[in-house]
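Student: Could you go through a protein model with me? I would like to learn how the labels are given.

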Amino acid sequence: MNLSPQVNSHYNDNRAPFNFELATARLVLNSSLEERMLKEQAIATMTPLLLNAEHRERELVEQLKAVRSEIWLLDTSINRNKQDLRSVETVINSISGLLHPIRCCPDDILAIIFTFACDIPARDYDPTAVRLSHVCKRWQRVAVGAHHLWSSIILELKPKHQLDHISARWKTYTERAKSVPISLYINDRGKKLAIFPLYTLSNSQSLARVDLRLSAESFQVFCAGLKGRRLPINELRLMCSEIDCDAHTWPLTGILGSFTGLKELSIAAVGCQIEPQIPTIPTLRSFNVHGWYKYFDIRPFLSRFVNLVTLSLSYFTSERDNTPVDSEPLELPCLEILDFMEIDWDDIFGHFILLAPKLKNVMIFNCSNSIHFPEFLSRHPSITKFDIRGMEGDLPNLLKHVPHLEELRSEHQESSLVWEKNDGIDLPFPKLWKLHFYDFDDEISDQIHSLIQLRRGSDTLRGETPWVALQELSFEISPDEGQKMILAWREENMFASANFIHEAADWYLCVQWPASDVHP
């Protein structure tokens, strides 16, 4: 407690205090004595607590030292165990490597595994076979001894790949392939191919497939390397790597004359000129032309491919002129499959008559219609499979020329496939067992419903049941809509079984019946 200024000043002299000063001093004294007593009591109370806290502190310090010592011991033990674990893992890995089933796998089984591994395309220039041969001595021995692993050669000209490197790879592969037919892929990326060591192949070395994507100049160099050679080959694919190549001519005579036993020929380019004089290839079974070519008449080709089985033309337009139709038919006695996409029928078959007595499968996509097409169908009653899309015209009238049709794939048509009695048709498609629609709408739905009703015998045509042979009907539809349709048709007992098919990012509903469930 602080004294008043009057009391403080009294201490500076010896005069007798006044009464009010005495009274104030007594109050201050009494208050100070009470405060002293309280402080002494507080100190007496807190002193044991302080001693207890100090004792606990000493105990905690001792415990902290013990914990830190335990932590250090555990950390030391963990580090020691980690070192031991690494040593054990090293032993385990070594033993596991020794005991791995691949070490016990016979060489012939290991070679089969390598075959599946090599079927996966490599992401860079180093093929899988090379990588497999660099794993260990045994794998190298097995890989080198499996000659078929080296039968697929990819030579792609890139800036970092020098000619000597390509030649070395070619030599390695051909030596290791031995007598296994080689599949060769070459892409010059639009640059001129200076030289190609194809001459190192012996005449006994056959080629399973040769896939060339070359410029016209590189193609000339490649053909020069074949001069005087006669190499067996199964499949040849030619593609021009240049964007603008309409000023060049592909000398097919030279390259086709250097191969024997050719079974499949594919040509893909834009604007190239192709020699009309080519040798006869009696072994050719498949001919595929993709692209537009200058001054190209397909008849000389077909006349020399006498045993052709498959003819495929896409985005193809030949040079159109006023040449009259050749009265002499061109017969391909072995032709069974025609696959046309984005072609003008008159450009291809407007100048000559094609006869294929064994023709079975015709696929048409986005091709212009022509009066020659129904005539073509009429000349080939042997057709049993018909796939038609993007072609204008009355589909039922076209199908009248295909009496023995067994499989039909079509898209939406304005004209109905469900013929009425007054159409004057005896029995549509008596052998058709498989029908597919590429699209689906309300009109197609009505046609399908009517078709199934006809098949069930609820309606007859001259006393016979149409579509009696139909066993499978499919059409494109979403799964949700398809499920609703299945429920509705199931109530009417319109099918025996139904399932969804996922094909090329589209969903198809496939409805099936057994062959003997029709009761006229």
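Tutor: Here are questions and answers on the labels used for this structure. The model is predicted, so local features need pLDDT of at least 70 and side-chain atom pairs count only at pLDDT 80 or more, while totals for chains, interfaces and linings use all residues. Residues are numbered from 1 along each chain as its sequence is written, and side-chain values use heavy atoms, with hydrogens and water left out.

Student: How many helices and strands does the protein chain have?

Tutor: The protein chain has 15 helices and 20 strands. Both are DSSP runs numbered from the N terminus, with at least four residues (H or I) for a helix and at least two (E) for a strand.

Student: What share of the protein chain is made up of buried residues?

Tutor: Of the 520 residues in the protein chain, 36% are buried. Buried means under 20% relative accessible area, exposed means over 50%, and partly exposed lies in between (1.4 Å probe, protein chains only). The accessible surface of the protein chain comes to about 29300 Å², and carbon and sulfur atoms hold 55% of that surface. Such areas come from the Shrake-Rupley method with a 1.4 Å probe, and for residues only the protein chains shown count as cover.

Student: Why is helix H8 called largely enclosed?

Tutor: Helix H8 covers residues 216–226, and eight of its 11 residues are buried, so H8 is largely enclosed by the rest of the structure. Among the buried ones are Phe-219, Val-221, Phe-222 and Leu-226. After H8 comes Gly-228, with a positive phi near 80°.

Student: What makes strand S7 mostly covered?

Tutor: Four of the five residues in S7 (residues 264–268) are buried.

Student: Which strands does S7 pair with?

Tutor: Strands S4 (residues 231–240) and S7 run parallel and are joined by five bridges. S7 also pairs in the parallel sense with strand S9 (residues 286–290), again over five bridges. Two strands pair if DSSP finds at least two bridges between them, and five bridges meet that cut-off in the S4 pairing as well as in the S9 pairing. To find these places in the picture, look for Leu-238 opposite Ile-267 in S7, then for Glu-264 opposite Ser-286 in S9.

Student: What makes the bond of Asp-387 and Arg-409 a salt bridge?

Tutor: Their closest N and O atoms are 3.5 Å apart, so the pair is within the limit. This pair also links distant parts of the chain, with Asp-387 in strand S15 (residues 385–389) and Arg-409 in strand S16 (residues 407–410), 22 residues apart. Asp-387 has a relative accessible area of 10% and is therefore buried, whereas Arg-409, at 24%, is partly exposed.

Student: How far apart are the closest N and O atoms of Lys-434 and Glu-472?

Tutor: They are 3.9 Å apart, so Lys-434 and Glu-472 form a salt bridge under the 4 Å limit. Lys-434 lies in strand S17 (residues 434–437) and Glu-472 in strand S18 (residues 472–476), so the pair ties together parts that are 38 residues apart in sequence. Lys-434 is partly exposed at 23%, and Glu-472 is buried at 15%.

Student: Which residues make the nonpolar surface patch?

Tutor: Val-91, Ile-95, Leu-98 and Leu-99 make a patch of about 390 Å². Patch residues have over 30% relative accessible area and no salt bridge; like charges are joined within 9 Å, and nonpolar side chains (Val, Leu, Ile, Met, Phe, Trp, Tyr) within 5 Å. Val-91, found in helix H2 (residues 19–99), has 48% relative accessibility, so it is partly exposed and passes the 30% cut-off.

Key
Salt bridge = Lys/Arg side-chain N within 4 Å of Asp/Glu carboxyl O.
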